[in-house]
Amino acid sequence: MKAMIIGFLFVVFAVNAQALAYTEERELKIEADGVRTFDIACDAGSLFVEGRNQQEIQVKAVIEIDNVSPEKAQKFIEDHVELWLRKDGEVAYLKSEIESGFWKRKCARINLTVYIPARLSLKVK
């Protein structure tokens, strides 16, 4: 009987933790005219890059934070997440970073899907 109660409580807590996960999607785009190199500096999360026959750089970022209310997650993103896409001469830059600390190690990540012109050189840090 104790095992059943403990198992039930584990399931309830697991479902509750999933219910508290927060996800925010962002899309970034820039024209790649004159760009030769794309430099990506990314942090916790996944990265998928695909070269295509197109003239712009497109980024879909999914910010995920586990076990937090939407209000706290939005505040955390505002204070601790850096996500931008810029062009400077022949280089385009993407930065995706979560400030160091407990959240970074345990709960937060930015998953990136990036589509770039196939002609670009790529650097990933």
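Which residues make a nonpolar surface patch of about 230 Å²? L47, L122 and V124 do. Before I go on, a word on the model.

This is a predicted model, where local features need pLDDT of at least 70, side-chain atom pairs count only at pLDDT 80 or more, and totals for chains, interfaces and linings use all residues. Residues are numbered from 1 along each chain as its sequence is written, and side-chain values use heavy atoms, leaving out hydrogens and water.

Back to the patch. Patch residues have over 30% relative accessible area and no salt bridge, and nonpolar side chains (Val, Leu, Ile, Met, Phe, Trp, Tyr) are joined within 5 Å, like charges within 9 Å. A salt bridge here is a side-chain nitrogen of Lys or Arg within 4 Å of a carboxyl oxygen of Asp or Glu. Areas are Shrake-Rupley values with a 1.4 Å probe, and for residues only the protein chains shown count as cover.

Take L122. Its relative accessible area is 40%, so it is partly exposed; buried means under 20%, exposed over 50%, partly exposed in between. L122 sits in strand β8, residues 121-124. Strands are DSSP runs of E, at least two residues, numbered from the N terminus.

Now the sheet. It is open, with 4 strands in the order β5-β6-β2-β8 and mixed pairing. β5 (81-88) and β8 are at the edges with a single partner strand each, so one side of each has no neighbour in the sheet. Pairing requires at least two DSSP bridges between two strands. β5 and β6 (residues 91-98) pair antiparallel over 8 bridges. W84 has K95 in β6 as its bridge partner.

Notes
Buried means under 20% relative accessible area, exposed over 50%, partly exposed in between (1.4 Å probe, protein chains only).
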